[in-house]
Amino acid sequence: MTSVRFAGISKTFAEVEALRPTNLDIPSGEFLTLLGPSGSGKTTLLNICAGYLTPTAGRLVVGDRDITNLPARTRNMGMVFQNYALFPHMSVFGNVSYGLKVRRVSRPEIERRVNNALAMVQLEGFANRAIAQLSGGQQQRVALARAMVIEPDILLMDEPLGALDRALRKDVQLQIRRLHLANPRTTIYVTHDQEEALVMSDRIAVMRAGTIVQAGSGRDLYERPVDAFVACFLGESNLISGRVASVGGGKAVLNAEGLDVSITGRAAPGLAANAPAFALIRPEAVRLIKGGIPASVIERVYLGEITAVRLRLPNSQELWCRRFAAEVPDIEKHEIGWDETAVSILPDINPGKRSVLPC
Amino acid sequence: MMRVGTALLLAPALLVLGISFLLPLGRLLVLSLSSPAGAIAPYATLLGDDIYRKVFWNTSLFAVVVTAITLVIGWPTAFALTRLRGSARALLFAAILAPLWISVLVRTFSWMLLLETNGPINRALLGIGAIRAPIALLFNNAAVIIGMVHVLLPYAVLPMYAALVRIDPAFLKASEGLGASWPTTLRQVLLPLSAQGIATAATFVFLLSFGFFITPALLGGASNITLSMLIDHFVSERLDWALAGAASLVLLGATLAFVAIAGRFVRVARLIEVR
Amino acid sequence: MAGRVVLSAFSALVGAFLLLPILAVVPAAFNGSSFIRLPPDNWSVRWWGAFFADQTWRRSLVTSLQVATLAAALSVVLGTAAALGIERLGGWVRQLALALFVGPVIVPVIVLAVALYSLARSVGLVGTTTMLAIAHTMLALPYVALNVGVSLAALDPRLRLAATGLGASPWHAFRTVTLPLIMPGVIGGAVFAFVTSFDEVVLSVFLAGPQAKTLPVRIWEEIRVEYTPIVAVAATIMIALAVAAVAASRVIQRRDA
């Protein structure tokens, strides 16, 4: 089992800085997801780890070896590609055994390990099938088996579930999670799907424009985001804009324009008095309270057991409220409130630069 | 590391091309400038002498005529390829592609057999009484042109087909739907849209016919000498290397000039794809 | 539709124009008398016997096959390597390399022949099968390189990454992943190079010698003077080879699809 350390890793293509100097420590056996929109640098970081790209600067240490300049084929990492990259002219067996053949494993041993790997991804008996005969989900599992059968130090996955349909995707997500729990292996997983990240990861690193904005467990990121970008990327968010009235003791108070009541919440780092900021209130934290802030209903969405209601505050800012259907009477106006502990005050890094909120 | 590997991969091919292509051509250039009568003497002779100028004119004329004919026959053929279906289309394709695999020598020889005085064409004409005595179908301009058109027609059809096949059939439907008659659709829609293909075909055929050797040499008569035949004459009969070199470089120069001009309208790289 | 009839009739005419003259050569090879007669006076295979009995004709056929095999092998190996190399190049170096490879296609064959002949003469290499093979390789190389280049471009680049990620060396990855997948393009190139060499006339005429004369050169010599049906036999053999080559390349294409 091996840990991974990125120390000051950066990558510039022509004049584009795809990855700013990045530091990330991944302990042995951790499933870490790089989460971010396209262009955030997550795939670049993954490819540098795999050895397909050389970093412009920085060091990459796996275990206790500096592998920054080692070629890909010596790194013993298993990679699952976005479109699987299965060898079309080989059977399932040929694909899965490829890495073992290269390592000159004996024939009987290859057969044993390949059959084990196929059993692990629930493809027993598929060894002699042609790749073209397999469905997308099956191909994806063959790619996984191929990467895992070589017992890699690190497992790398580049948005492997993108081509699958929704139901299958959820299924495979859970399978990968179970496989990981049964046999923990340091894994770096790249995706832009936040739900996927939450289901599968021990830790998530949210990336944007070439940097890691915040890294932590799903709970950390969800409950204590450092800025509006992370808040919006993970889960639904309500952002109320305003100015910081005061900061101290881990808490901050926000004055929202046009709102009589000020909003108190947990202070994210980097807040300054009187600076523009957002109050983050998750929709499920908004409650109907007698004597609370008056709000009028703009839209009501039935989501089965949950009802989502879009409300307009007295200062014209909007808020989504998500509660169990039974709790929300179908009326035009509500009085709302929220629990202070469920609120975060986040810095607004681009004040006045947009007409719409970040999410 | 990448650089060394790339260089090693390219080296053998570059070596062969270097010694069989670049080196000989360079040497020929030097030879053409080394006449005892002076560096530009052979060039002056070529461009000044009436006989040689006529050869140049002949060659150009052949090339232009052959290009024109192959375009006129070739375009409708290319069009037919896009319209025909099933076995008819397959047969026409075979008829166009198969000759490309057969040596130009054999293809020219076949015309020699057909056009000779005792050949089937003459005998057929005699048989039906159209002529009294066999006519000389061979060793004249017409024979050369027929032979060259026969050999070069596929090279004209293929680029034009490639262009036509890329035209969205929706354009034709739109034109018809708007009430245009066939000739109008042809003129206003099909021809302009396949212009690139026509230009490529014309370039290809002109280039090839300008440098043609075998066909004019076998089918032409004493008065139909092309530039390539002249070069052969300088080498094989006159043993005048300076003149041969100069004539070769004139031919090469004209070819390159043409490619350069055509290159503004046509992607030269396309030519190699046709094969 | 009247248009369709006209189109079909026209196509038939053009098809006939292209194919029939070539096919006309074949019956001429079976003529019994000493002159070429189309259609033949009487049918006989005596000229086929004469062809294989004549040492110079036999030798020219063998030489053609030898040179073509050598040229095909060289073109394929060098052309495939070149395609792999060019794929890695970029910018103006790539353009330069491509321009060099396109050269033998654009320069008129007669110029190539005279230039190469002059050089070969000065080093005493005229009339060797090796020189012929090299000259033919020069002609076929660009086409093979381009063909293989197209096959390479169609490959998913991630396949090679997957192979190296699994630990394969560049050569191993090429041998087990890239080569099998571009094989149809490579074989197509080999067939093409073989036929190009076998059919080649101009370069061969200039570079030939008494010991090294290909079949086309022999035919060329004969028909400039006076010819008997034996020439038609030689021409028919060339046509037969071309047909075999087209059939072979069709089979390859079908395997690819």
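**Exercise 1. Get to know chain A**

Task: Describe how many helices and strands chain A has, how far it extends, and how it is divided into domains.

Solution: 
- Start with secondary structure: chain A of this predicted model contains eight helices and 19 strands.
- Next, look at the extent of the chain. The C-alpha trace spans about 75 × 45 × 35 Å along its principal axes.
- Taken over C-alpha atoms, the centres of domain 1 of chain A and domain 2 of chain A are 39 Å apart.
- Check burial as well: 40% of the 359 residues of chain A count as buried.
- Finish with contacts along the sequence. Among contacts in chain A with a separation of 6 or more, 66% are between residues 24 or more positions apart.

**Exercise 2. Follow one helix of chain A**

Task: Find the buried residues of helix H2 (residues 92-102) of chain A, and say which helices they pack against.

Solution: 
- First pick out the buried positions in H2(A): A:Val92, A:Asn95, A:Val96, A:Ser97, A:Tyr98, A:Gly99 and A:Leu100.
- Then search for their packing partners. These are helix H3 (107-120) and helix H4 (136-148) of chain A.
- Last, step past the end of the helix: H2(A) is followed by A:Arg104, which has a positive phi, near 55°.

**Exercise 3. Which chains touch?**

Task: Work out which pair of chains has the most contacts, and what lies between chain A and chain B.

Solution: 
- Chain A and chain B are not joined by any contact, and their closest C-alpha atoms are 11 Å apart.
- Between chains C and A, 15 residues of chain C are in contact with 16 residues of chain A. On the side of chain C that touches chain A, the elements giving two or more residues are helix H7 (157-165) and H8 of chain C. H7(C) gives the most, with six residues. By class, this side of chain C has eight nonpolar, five polar and two charged residues.
- As for the confidence of the prediction, the model scores ipTM 0.90 and pTM 0.83. Chain C averages a pLDDT of 90, and 98% of its residues score at least 70.

**Exercise 4. The side of chain C that touches chain B**

Task: Say how many residues of each chain take part, and which helix of chain C gives the most.

Solution: 
- Count both sides: 65 residues of chain C are in contact with 64 residues of chain B.
- Then list the contributors. Several helices of chain C give two or more residues, including helix H1 (2-28), helix H3 (55-88) and helix H8 (170-199). H1(C) gives the most, with 14 residues.
- Sort the residues on this side of chain C by class: 55 are nonpolar, eight polar and two charged.

**Exercise 5. Into the cores**

Task: Locate the largest nonpolar core and the residues with the most contacts inside it.

Solution: 
- The largest nonpolar core has 165 residues, and B:Ala247, C:Val114 and C:Ala234 have the most contacts inside it.
- Helix H7 (residues 141-165) of chain B gives the most to this core, with 17 residues. Domain 1 (1-32) and domain 2 (38-274) of chain B each supply at least three residues.
- Zoom in on C:Val114. Not counting residues up to four places away in sequence, C:Val114 touches B:Leu28, B:Ile231, B:Val235, B:Ala244, B:Ser248 and C:Phe206.
- A second, separate core has 97 residues, among them A:Leu19, A:Met79, A:Leu144 and A:Ile212.

**Exercise 6. Buried or exposed?**

Task: Decide whether C:Trp220 is buried or exposed, then find where the buried residues of helix H2 (residues 41-48) of chain B lie around its axis.

Solution: 
- Begin with the location: C:Trp220 is in helix H10 of chain C.
- Apply the cut-off of 20 or more other C-beta atoms within 10 Å. C:Trp220 has 22, so this residue is buried.
- Leaving aside neighbours within four places in sequence, C:Trp220 is in contact with B:Leu105, C:Val201 and C:Val205.
- Turn to H2 of chain B, where B:Pro42, B:Tyr43 and B:Leu46 are buried. These residues are on the same side of H2(B) because they cover an arc of only 100° around the axis.

How values were computed: Residues numbered from 1 in each chain as written. Chains lettered and ligands numbered in written order. Predicted model: local features only at pLDDT ≥ 70, side-chain atom pairs only at ≥ 80, totals over all residues. Contact = placed C-beta atoms within 7 Å. Helix = DSSP H or I, 4+ residues; strand = E, 2+ residues; numbered from the N terminus. Nonpolar A, V, L, I, M, F, W, Y, C, P; charged D, E, K, R; others polar. Core = buried A, V, L, I, M, F, W, Y, C linked by C-beta atoms within 7 Å. Buried ≥ 20, exposed ≤ 12 C-beta atoms within 10 Å, placed from the backbone. Domains from an automatic or database assignment. pLDDT = per-residue confidence, 0-100. Arc of directions from axis to C-beta.
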